[in-house]
Amino acid sequence: MAARRILLGVIGRPHGVRGLVRVTSHAEDPAALADLGPLEDDRGRRWRLAWRGSGIAELSDEAGRKVADRTAAEALVNLRLYADRDRLPTPEPEEFYLADLIGLAAVDAAGAAIGSVARVHDYGAGASLEIERAGEAPLLVPFTRDAVPQVDLAAGCVTVVPPGIVFLSHDERASA
C-alpha cells in the first residue's frame with residue numbers, strides 16, 4: 001500500500017476572539033490529533049494544535065506562531081488537516097482507514113463488477129461510498145454491514161449489496 005496522507009480533521013468556525021477554532025476530528029480519539037505532532041494542510045503548511053476544550057483547539061504554525069485573533073481563525077475555516085499514513089497506527093484486523101477504500105473495485109454478491117469506490121463521504125451521520133460506474137450515474141451506498149458486507153483490502157475489492165432503489169417517472173413524481 002502506497003504511503004499517502006489521511007484526513008484527520010477539519011477546522012470549523014472560530015470560537016471567541018482569541019484565535020481558537022472548532023475542530024472536527026476524524027480520529028477515533030480526538031486527542032490523537034495533538035499527539036501526532038504537526039499536521040499538514042492542502043497547501044503543505046504544517047500546523048500543531050492544542051486542545052483547549054471539547055472540540056476547541058489553539059493552532060500554531062510550524063514556526064510556533066499562534067493563530068491570535070478571530071479574523072485569522074476565520075481565514076482557516078474548512079482547512080483540512082492530514083497526517084502521513086506511516087505516522088498512524090496499523091489498523092487491527094477487520095479495521096481500516098476509510099481512505100483505504102478509495103480505488104477498490106466494487107462487486108455484487110455474485111462477484112460481478114459494479115464499478116469502483118471513487119469517494120467516501122462522512123457528514124457525521126455515518127459514512128457512504130460513492131461508486132463510479134461506467135456509463136451510468138454514480139451509486140451512493142451507505143457504509144453499513146448490510147450494504148457493504150465484505151471489505152477485502154488484500155483482494156482490492158468491496159462487496160456491495162445496494163439497498164432497493166425505486167425510480168419514479170415524471171408523472172409519478174407529480175402525483176406523489
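Two strands are taken to pair if DSSP finds at least two bridges between them, and strands (E, at least two residues), like helices (H or I, at least four), are DSSP runs numbered from the N terminus. In this predicted model, strand 3 (residues 39-40) and strand 4 (residues 46-53) pair in the antiparallel sense over two bridges, with Leu39 standing opposite Trp47 of strand 4. Five residues lie between the strands of this hairpin, and Gly44 takes a positive phi near 90°. Strand 4 also runs antiparallel to strand 5, to which six bridges join it; Trp51 has Ala57 in strand 5 as its bridge partner. The hairpin of strand 4 and strand 5 has two residues between the strands, and Gly55 in the turn has a positive phi of about 75°.

Residues are numbered from 1 along each chain as its sequence is written. Local features need pLDDT of at least 70 and side-chain atom pairs count only at pLDDT 80 or more, whereas totals for chains, interfaces and linings use all residues, and side-chain values use heavy atoms, with hydrogens and water left out.

The predictor's confidence in each residue, pLDDT, runs from 0 to 100. The protein chain averages 88, and 91% of the residues score at least 70. Confidence is highest in helix 2 (residues 70-74), at a mean of 97, and lowest in helix 3 (residues 170-175), at 48. Where pLDDT is low, the predicted coordinates should not be read in detail.

Ser60 is found in strand 5 (residues 56-61). Ser60 counts as buried because its relative accessibility is 15%, the class being defined as under 20% relative accessible area with a 1.4 Å probe and protein chains only. Not counting residues up to four places away in sequence, Ser60 touches Arg46, Trp47, Arg48, Arg65 and Lys66, contact meaning heavy atoms within 4.5 Å.

A pocket is an open set of points on a 1 Å grid over the protein atoms alone, where a 1.4 Å probe fits, with protein on both sides within 12 Å along at least five of seven lines; lining residues have an atom within 4 Å of a point. Volumes are the space filled by probe spheres set on the points.

| Pocket | Volume | Lining by class |
|---|---|---|
| Largest | about 1300 Å³ | 21 nonpolar, seven polar, nine charged residues |

Of the 37 residues lining the largest pocket, Ile6, Leu7, His26, Ala27 and Leu98 lie nearest its centre. Strand 1 supplies the largest share of this lining, seven residues.

Key
Buried < 20%, exposed > 50% of the residue type's maximum accessible area, 1.4 Å probe, protein only. Nonpolar A, V, L, I, M, F, W, Y, C, P; charged D, E, K, R; others polar.
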